[in-house]
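Colleague: I'm new to this one. Could you walk me through how to read it?

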Amino acid sequence: MSGALHSQLSLYAAIATSSFRRYSTYTAATLAGIFTNSVFGIILSFAYLALWEQNPTAGGYEADQAVTFVWIGQALLMTVALWSGGSTDELAERIRTGDIAVDLYRPVSVLGWYLAADLGRGLYHFTTRGVAPAIVGALLFGLVSPSPAGAAGFLVSVVLAVVVSFAVRFLFAASAFWLLDATGPRVLLSVLTTFFSGLTLPLTLFPDGLRQVALALPFASYIQTPADIWLGRHTGLDMLAAIGLQVVWAVVLLGVCALVLRAATRKVVVQGG
Amino acid sequence: MALIEVRDLSRDFTIRKKTGPLRRTSVVKHAVHDLSFEIDAGEMVGYIGPNGAGKSTTIKMLTGILVPSGGSARVAGLEPSRQRRELARRIGVVFGQRTSLWWDLPLRDSFELLRRIYRIPDQTFRRNLEDHVALLDLGELLDTPVRQLSLGQRMRGDIAAALLHDPEILYLDEPTIGLDVISKGRLREFLRALNHERGTTLMLTTHDLQDIEALCDRVIVIDHGTAVFDGPLSSLRVNGGSSRTLVVDLVDEAAPIDIDGARVMKVEGPRQWLAFPAGASAAPLVAQVAAAYDIADLSIHEPDIEDVIRQLYSR
């Protein structure tokens, strides 16, 4: 039993590793991405500084915390594949072309496969397109550092952010099983993630009512939750509760993914061929 | 018990068509309809038919990635759509137009991932890798990313990949599509050896009838979702209503030869073409002709399998 579990885990580790290596072959794209993230971080930082000069405690953040929030957002943008770039893009494409057939006849869970691949990808993007722009931000603006517990909580929260965002992306990509093409849903999703992840503005700045809703949505797991843990706004039990909500979303959404995938494989035609 | 058992297998697709700004009508297409056949272990079967005949749909049902609308399929004692993953360990699938390799990774890494996916014992993996690398001439390609391989090289890589876990059955969907003559020949040789030496059951769909002639003892022809022929290649020629041709070179030019059991197709100087049913023997005809004319030379032409199949479809 433990042997089977071990070989299962080593398979997923191998998938994640090979995914990491696949992304690492595109160095030029990574460097260009780091540059873009840095430029956006600088522009947003100045915008935030202007905003916080008007209202020095907007959303409950000090100005230096707000700037740190910007750079955490830039660092996590690709890590959670906020707009695109995840293993789920490949899934949508493979459903459209019918190549998904190849994945389906393998004796391995399709959901587990793409999740492992996305975690490997996320690790690559975190260590490159996450860390490098953050260093730029720290040099130019001086960022707020977390407590040791905050740093540990942040890392756990980032892993969960990737899982939650993966599950959401998986569901949108799986719509291609019925819609034949997932471009429309993907555009809708990128609008939702842009506003409700905290990338544009911290969710705590949203007006009453919308704020509570936004903080409860899975998109808050992407940037808002890890950033608040880093900034020490969630500590102790509060931090556990924030991470707990991410875990709940991860489990619920992965469960829905599994159901959708089962419905898709049983009922829907594999296109092409 | 046969290794593959298909009984009254059917699969319908509902196609929605726009017939007006708001109106849509549904048309049900019977992609596979009451299909039945059995394949025993160790057979090499060609599964052929025109585009849209239901070949790929059948293969998808046999591998479990498409649920039948009716009838039943059993492969290696399993029900494919319900026991897809269990079945996957015992079969290999090669799609000529798709790849199971990872685009950005060297061939070797794809093989390594497959070793873990199928939990292939180290010894089996090493032996199969060694064998297939040698036979398919993949040695120098192992460290090349798949995206840099030529079509023929990628195809060989895909076949090696499909065989790493010692499948009992190998399905090949258009395995030689787009390959040059030499690559085709080598691939066929490899597949024949695989069947003879390991007893792997092969089922291949193809448009290339030379694949069938080179590999398959048995042919199943499918059209409009139903089997229209199932038997050995030789009797396909007979049943196809096709004819063999006796080409006679006479010493002198003559009027069209008039004998029983054959009719003249063409006359060109002293050479005449006589058609006779593929099931009949040529010997009595030759005797009749020889009795009445002076013959310089003669030869017998087998019907072209493409013609045979064209006639089957048009019936």
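Colleague: In what sense do strand S1 and S2(B) pair, and over how many bridges?

Modeller: This is a predicted model, so keep that in mind as we go. To read a pairing, look at the sense of the strands and count the bridges. Here S1 (residues 4-18) of chain B runs antiparallel to S2(B), with twelve bridges linking the pair. For one of them, take B:Lys17, whose bridge partner in S2(B) is B:Thr25.

Colleague: Which strands stand at the edges of the sheet?

Modeller: Start from the strand order. In chain B it's S2-S1-S4, an open sheet of three strands with antiparallel pairing. S2 (24-39) and S4 (70-75) of chain B each have a single partner strand, so they're the edges, and one side of each lacks a neighbour in the sheet. On average, neighbouring strands are turned by 30° against each other, ignoring direction.

Colleague: Over in chain A, at what angle do the axes of H3 and H6 cross?

Modeller: For helices, check the distance and the angle between axes. H3(A), residues 63-79, and H6(A), residues 110-141, have axes that come within 7 Å and cross at roughly 160°. That's over 145, which makes the two helices roughly antiparallel. Their crossing is right-handed. The residues of this contact are nine nonpolar, six polar and one charged.

Colleague: How many residues does each chain bring to the contact between them?

Modeller: Chain B brings 24 residues and chain A brings 20. On the chain B side, H1 (55-63), H2 (84-88) and H3 (107-117) each supply at least two residues. H3(B) gives the largest share, four residues. By class, the chain B side has eleven nonpolar, four polar and nine charged residues.

Key. Residues numbered from 1 in each chain as written. Chains lettered and ligands numbered in written order. Predicted model: local features only at pLDDT ≥ 70, side-chain atom pairs only at ≥ 80, totals over all residues. Contact = placed C-beta atoms within 7 Å. Nonpolar A, V, L, I, M, F, W, Y, C, P; charged D, E, K, R; others polar. Axes fitted to C-alpha atoms, helices over the stretch in contact; angles between N-to-C directions. Parallel < 35°, antiparallel > 145°, perpendicular 65-115°, else oblique. Left-handed = near helix turned anticlockwise from the far one by under 90°. Pairing = 2+ DSSP bridges.
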